[in-house]
Structure formats: C-alpha cells, structure tokens
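I set out here what I looked up, entry by entry, beginning with the chain as a whole.

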Amino acid sequence: MFDGVAPKYDVVNDVLSLGQTHRWRRIVVDAVDAKQGQRVLDLAAGTGTSSEPFADAGVNVVACDFSLGMLRVGKRRRPDIDFIAGDATNLPFADNSFDACTISFGLRNVDRPTRALEEMLRVTKPGGRLVIAEFSQPTVALWRNLYTEYLMRALPAIATKVSSNPEAYVYLAESIRAWPNQDELAAWITQSGWESVRYRNLNGGIVAVHRATKPEGAITSTAAGSQTRQRRRSSRAAN
Ligand SMILES: C[S@@+](CC[C@H](N)C(=O)[O-])C[C@H]1O[C@@H](n2cnc3c(N)ncnc32)[C@H](O)[C@@H]1O
C-alpha cells in the first residue's frame, strides 16, 4: 500500500494534516534531543520526511522502512541520508547500536507493534531514548467528536481529490480509530522493557508524543529477547 502512495505521500500528508506535520516533527526532534555525532534510528521513516530535520541538525540519522517505494522517493530527494530497507519486527541492526530510536506515524502501521518496541529496545544503547509520535485520542469529548467526523467523512473525501489511492486513506482513518489511546500505548511501551515512560498531547490529543528510556542494566540481545518472548509465550499458553 505504501509503495502505491509514495510519489504523492508528503503532499497529501501536508494537506490532510492542515499543515500541522511540520510542527509535530519539530517537537519530535526536540524530544529526541540528539547531540551532534550521535546515531539515531528513524524507524518506519517512509520517504524520510521524519528523518530530514535530524539530518539538517547534523545528526547521524538512519532512515529505515520496509517499503522500497517509499525509500526510493526519499533517496531521490535526500541522497545524503542513509536509507536502509528493514522490517521493524526484525531489525537489521546490532544490539545497542543507536543513541536513540524514533518512529513517527509508523508504529500504528506495523503488524506487531509490541515486537517493534522490543526491537527498538534491543538496538538502543542502555540509557538511550525512545520517541514515538503517533495519532491518538483527543481528550475532550466535543473535540473528539469533531475530529472523528473529520476522520471518517471529510478526510476520505479530500483524499479522493488529492491522492491516487483514496482507499489507503480510508485505511488511515480506520487504523487511527482502532489504535490504543495514550495510556494504553504507554503501558505497551513499559511492558516492552522501557522505563520512565511519559507522553505529551499535541492538538488536544490528536497526536501524542511518547518518550521513554532504555534501562541501564537492560539485557536485550537477540538471543535474550527471543528467550524472553519464548518464556512469555509459554506462560500465556500455560494460563
Ligand atoms: C505513515 S508512514 C510514516 C512515514 C514517516 N515516518 C513520516 O512521518 O512521514 C508509515 C510507514 O511505516 C512503514 N512500515 C509499516 N510497517 C513496517 C514494518 N514492519 N517495518 C518497517 N516499516 C514499516 C510503511 O512502509 C510506511 O512507510
């Protein structure tokens, strides 16, 4: 699906978010707080629009995504950024190899999001940071109702005019509605092994930016990770 929408992805995003994406991306960069020379993984980076502000600030950012269509559009536009094809649930990176991991508007699209949270933990150095920007739930009922109307009615109608693949935007609206709220996502992050989990609502909760830290003593090698997962599966089966 993302291969199909890649050529016009960024323009359509700007239109449908009513120009808000630039502000959201600045807030993510500030939250990651990467210093020059640090290595940051931008996961589900798509065309690299979420990676660009890091590259522009002199941060060594790696843009990873599994849609070759999105990566090709990104590489054409920003040949200076490292674009790597990889699956968020089985990352092609060594343990403890990034100072920070971030994922913008991508975790919701990953087939097994908690597996991706564990993989980001594995590749992040102890003490390193996680920043997730994702659509969430407006906290005030009136605002939530207006936004739901926009999502389910106006957004697909606008997408029909500006996108070559309007069905992708029906999926977008439905996936936002099905996604856990701020507190539920915070619980997933904690259960995946991250600590000091907190979040900030943007635009009244339309978007939430979650932050967390990898514990200093975390053992998250691939082998340890799969043993932990195996143990969890066995205990679930036993229950
Ligand atoms: C909505 S786009 C976000 C792109 C970019 N981060 C941004 O902010 O514009 C979501 C991206 O998630 C990617 N994606 C979904 N599942 C993935 C997975 N398992 N591994 C890697 N990328 C994935 C898609 O290919 C798509 O490019």
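How many helices and strands does the chain have? I worked from a predicted model, and I counted ten helices and seven strands in the chain. I then checked the radius of gyration: the value is 18 Å, close to the 18 Å that the globule rule gives for 239 residues, so the chain is as compact as a globular protein of that length.

Extent and packing. Along the principal axes, I found that the C-alpha atoms occupy a box of roughly 50 × 45 × 30 Å. I noted that 40% of the 239 residues are buried. I also looked at contacts between residues at least 6 apart in sequence, and 65% of these join residues at least 24 apart.

I listed 19 residues around the ligand. Ala44, Gly46, Ser50, Ser67 and Ala88 come nearest. By class, I recorded eight nonpolar, eight polar and three charged residues in this shell.

Leu130. I located Leu130 in strand E5, which covers residues 124-135.

Contacts of Leu130. Setting aside neighbours within four places in sequence, I found Leu130 in contact with Cys101, Met120, Thr124, Trp194, Arg211 and Ala212. I followed up one of these partners, Trp194. Trp194 lies 64 residues from Leu130 along the chain, yet their C-alpha atoms are separated by 8.4 Å.

Note on methods: Residues are numbered from 1 along each chain as its sequence is written. This is a predicted model: local features need pLDDT of at least 70, side-chain atom pairs count only at pLDDT 80 or more; totals for chains, interfaces and linings use all residues. Helices (H or I, at least four residues) and strands (E, at least two) are DSSP runs, numbered from the N terminus. The radius of gyration is taken over C-alpha atoms; the globule rule is 2.2 Å times the number of residues to the power 0.38. A residue is buried if 20 or more other C-beta atoms lie within 10 Å of its own, exposed if 12 or fewer, and partly exposed in between; C-beta atoms are placed from the backbone. Two residues are in contact if their C-beta atoms, placed from the backbone, lie within 7 Å. A residue is near a molecule or strand if its C-beta atom, placed from the backbone, lies within 6 Å of it. Ala, Val, Leu, Ile, Met, Phe, Trp, Tyr, Cys and Pro count as nonpolar, Asp, Glu, Lys and Arg as charged, and the others, Gly among them, as polar.
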